[in-house]
Amino acid sequence: MKILGKPIGQWEEEFPIVRDLIDLKETLWINPKKLPIDEAVAESSVTMEDVLDASARLERFAPYLALAFPETAKTGGIIESPLAEIENMRPYLEGEAGGSIQGRLLLKLDSHLPISGSIKARGGIYEVLHHAEDIALQSGLLKLEDNYAVLMEPRFRELFSQYSIAVGSTGNLGLSIGIMSAKLGFKVTVHMSADARQWKKDLLRSKGVQVVEYADDYSKAVEEGRRQAQGDDHCHFVDDENSKTLFMGYSVAALRLKNQLAEAGIPVDETHPLFVYLPCGVGGGPGGVAFGIKQVFGGAAHCFFAEPTHSPCMILGLSTGYHDQVCVQDFGIDNRTAADGLAVGRASSFVGKVIQPFLSGSYTVTDERLYQYLAALTDQEGIRLEPSALAGMKGPGNVCATEGGKAYQAKEGIASAMAGATHLIWATGGNMVPEAEMSAYYQKGKSLLTK
């Protein structure tokens, strides 16, 4: 069997990590193409101005969101999540890692974002709002200087009802796109892969969203959604694989994080490095957040992606340099994981190429370990997440207690600064999981912890 004209043995010889990925080993990959921040920024096709533009757009929509979604009223229509200290998890994580974890442990609770309860509430909702703004401005019904609360008026719902939105999703992106689009009045179709949970499909249908189900994985759902949207000038396809708009919506998180850390009195600088661990599927969410963080915090920030051992598409694309030209199934990896939001076989080429100069590395984690983290976090901190949202939890141990992590510290010249470090684990979803399903997750995790 050959992949892009090369037999497996040649791939393994050129890229030794491939064998570990095929063997489903938990693997830490340090990015050799990471550049000094000034060089990375200079060569990037995406800029800080793009981040600020996205932030301004979300602020324009805040008055509307505060009315349309009362749960956002207390933050003035700004969709944001809190930070949580998780010091009670330290003994568990250090025991698992077999060494000490220097620095502070924080959890970024995107699992509790309002409206759709996951990180996708950032990019997904932003892309729908961006599209709605374009239509409303072009129609003449809206002006940039208006108070966007006017979008609650029936005339705008009537306007948007003439248009449709489509997306392919494993679940959480579909929720954010579907809920936001339906609220504005768009006709919306979510093409969902076999990995998507039934409760997510049911919730979307309850909001008036058309859900199309596929027996295949994420790539097939995206392919079909894109195909069906083609040729319809009134249908906007949200392309999770290639959307710069989605990417920019995620990036705004960094501006809010800067304020949160400042309010908490947590410095980020050369002697206080910030490590961020981001669960990764196709790459849009973690890529956008990581890009924003590197723009805001520069060389003091170190971002790592976290992927399931059965779906390591981004680490495969980045480590080989082939990005979306290869998929995990090419190498006999089945792309079947309990981390439904991360069940992606082929990485985004757009994200991979934009983030490569900024990214510190990526690592993989088994499903069994995700369930164990889920139960441990519930027991130690009373915080409940879905399995995919726990992928970042292995990051601090990887950086602090493995040979690869220590080599990274030495390479970056930060080994002596680790006592002042902050480890930020990005929790991407879970607040909307039904009680029965979350209980089943927990029981499975507890059974694995006691083995």
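Which helices do the buried residues of H4 pack against? Keep that in mind as you tour this predicted model.

**Ground rules.** Residues count from 1 along each chain as its sequence is written, and side-chain values use heavy atoms, without hydrogens or water. Local features need pLDDT of at least 70 and side-chain atom pairs count only at pLDDT 80 or more, while totals for chains, interfaces and linings use all residues.

**Whole chain.** Show the cartoon. The chain has 19 helices and 13 strands; these are DSSP runs numbered from the N terminus, helices being H or I with at least four residues and strands E with at least two. The radius of gyration, over C-alpha atoms, is 21 Å, close to the 22 Å that the globule rule (2.2 Å times the number of residues to the power 0.38) gives for 451 residues, so the chain is as compact as a globular protein of that length. Its C-alpha atoms fill a box of roughly 60 × 55 × 50 Å along the principal axes.

**Select 48-68.** This is helix H4, with 21 residues. From first C-alpha to last, H4 reaches 30 Å, close to the 30 Å expected at 1.5 Å a residue, taken as 1.5 Å times one less than the number of residues.

**Zoom to Ala62.** H4 bends here by about 45°, the angle between axes fitted to the seven residues ending there and the seven starting there. Pro63 follows within four residues.

**Show side chains.** Buried residues (under 20% relative accessible area, 1.4 Å probe, protein chains only) of H4 include Val51, Leu58, Phe61 and Tyr64.

The buried residues of H4 pack against H6 (120-139), H8 (172-184), H11 (244-251), H12 (253-263) and H13 (284-297).

Technical notes: Buried means under 20% relative accessible area, exposed over 50%, partly exposed in between (1.4 Å probe, protein chains only). Contact means heavy atoms within 4.5 Å.
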